[in-house]
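Hi,

Here is the structure I promised to pass on.

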Amino acid sequence: MKKKENELKVLFLGGVGEIGKNMTALECGDDIIIIDCGSIFPTESMPGIDLVIPDFTYLMERKDKVRGVLLTHGHEDHIGSLPYLLKELNVPVFATKLTLMLVENKLKEHRLQEVDLNCVKPGTKLTLGCFETEFINVNHSIAGAVALAIRTPQGVVFHSGDFKMDHTPVAGEPMDLKRISEIGKEGVTLFLCESTNIERPGYTMSERVVGQTLDGIFAENVTRRLIIATFASNVHRLQQILDLAKKYGRKVAFSGRSMINVAEAALSIGELSYNAEDVVDIEKIKKIPDKELVILCTGSQGEPMSALTRMASGEFNRVKVDGNDTVILSASPIPGNEKSVYRVINNLYRLGAEVIYESLENVHVSGHACKEELKLLHTLLKPKYFMPVHGEYRHLKKHVDLAVSLGLNPACALIAQIGSAVSVTQKQIKFTESFHAGATLVDGDSMDGNDEILADRRHMAEDGLLVLALTLSAGSGELLAPPKILCRGFLAEGLDKLLTEGAFAVTTALSSLSKATREEVIVTARRALKNCVYRSSKQNPVIVTAVTEI
């Protein structure tokens, strides 16, 4: 029994086999800790869905065992689903200063109060049940990113979080390779490492490269207005832009709710530094000459309601883009967002603007480690077992190949999927029985993991909708009036004729029924209409039946 209690289980609720929705749990005996709690943007195959988050069922069924949530940094794919989890679980949250600030903003939006939020720093150690966690400074495209060294009854689990090795960071300290090396010498049982840039050789460029590129753009566009779109959470990028605006005598106008909120909050906690007189309200920019203005906005991913997307479509009355604008997209498209981003770029060109983006200039650098940096981290830690995280299957496979090329026994490296449970002891690592996991769809205030809802929405989007209205006798179920058919999103040649034929087919089918129940009438009517429509159009729209009984 004692051996069973000391067994470590690693549970993958998200972030493996996909980019985003990162969430991993460690379970040992009566204790569970959660690492990150992210979300992912819906794809085009998810009509009407606002957000996709992990399925928390496993944790809800064991809520008394959950000791806390550890956050590696403040990006949406690591904190986006936290409010939804905290509505169900009253557990403490541990994160660095900027990450907590971003979390607090999200909790306010969800009207969540009295949440146990705890600020930590690199070097902080805390104990949650049988787990002792040490937070370790790493570099990423957001301030306050950390890796986690978690001491368990089966040894150290090292979780890299998202990282790169920036030896000349804009702010803060370089990644703490010295401490990581010491942990490696102590001995690491399991290494969980992000895999986003495993396909890229070499090293990731320093954030300072972006600053140098932007400096050149400021210098070359002295008479033009500058509009720069980037992630609001990348406060180091924001700081470089603010500093350059000061250098070249330009005012800065923030545009987009998240940009304004993050800038104000980051200023209040010392993560951003600028003078109030150097910032102008977006409502007052018409009084400022183009050469004296920088607009710093959201929309680098082509988000439909973002400031830049509305500017590009001519729907943003505060900013009218024209031929004297130079627009800089200081970000790379997240996989799946490419079409939206290039649509915005094309629209900006149509308005006469000059557009600078990643494929033209070094206006963005990744926050993720490339292959040589990953090699170095593996070499410093020398783990007994390895599992790649944070990537699609091809990323995970290539990362395992890298670990094996560095000397790891292939039997000691596993590739997980969502719902995988992995047993770890000093003697072995192996998959155990999988658990219920997957995605929960957020639509407004509603949440559901039911794939049938999406299937229905896709069906309606692809084939349209027919509403069949029937007036029946309450006593006999007899049809009292000709059926009426309404259509939405359904296109067919000779539509009026087809609907007339459909109504006749329904009437004929129902006339053959005798003393039928309401349900039998509905099934017969729908079948008759469906068959008629398919014979004539080879289409299969969704059919909804509305019945009035008299």
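A contact here means heavy atoms within 4.5 Å. With that in mind, residues 24 or more positions apart account for 71% of the chain's contacts with a separation of 6 or more.

Some ground rules before the details. This is a predicted model, so local features need pLDDT of at least 70 and side-chain atom pairs count only at pLDDT 80 or more, while totals for chains, interfaces and linings use all residues. Residues are numbered from 1 along each chain as its sequence is written, and side-chain values use heavy atoms, with hydrogens and water left out.

The overall picture: the chain has 16 helices and 25 strands (DSSP runs numbered from the N terminus, helices being H or I with at least four residues and strands E with at least two). Its C-alpha atoms fill a box of roughly 85 × 75 × 45 Å along the principal axes. Of the 550 residues, 53% are buried (under 20% relative accessible area; exposed is over 50% and partly exposed lies in between, with a 1.4 Å probe and protein chains only).

Met259 sits in helix H9 (residues 257–268) and has a relative accessible area of 0%, so it is buried. Beyond residues up to four places away in sequence, Met259 touches Thr230, Ala232, Leu238, Phe254, Leu296, Cys297 and Thr298. Gly299 is 40 residues from Met259 in sequence, and their C-alpha atoms are 9.9 Å apart.

Arg225 belongs to strand E13 (residues 225–229). Is Arg225 buried or exposed? Its relative accessibility is 8%, so Arg225 counts as buried. The Arg225 side chain reaches the backbone oxygen of Lys320 at 3.0 Å. Leaving aside neighbours within four places in sequence, the contacts of Arg225 include Arg250, Asp290, Asp325 and Thr326.

Finally, a helix pair. The axes of H12 (residues 371–381) and H13 (residues 393–405) come within 10 Å and cross at roughly 50° (axes are lines fitted to C-alpha atoms, for helices over the stretch in contact, with angles from 0 to 180 degrees between N-to-C directions). That makes H12 oblique to H13, because angles under 35 degrees count as roughly parallel, over 145 as roughly antiparallel, 65 to 115 as roughly perpendicular and the rest as oblique. On the H12 side, Lys371, Leu374, Lys375 and His378 meet His399, Leu402 and Ala403 of H13.

Happy browsing!

Note on methods. A polar contact is a pair of N or O atoms within 3.5 Å; within protein, one must be able to donate a hydrogen and the other to accept it, and residues adjacent in sequence count only if both atoms are side-chain atoms.
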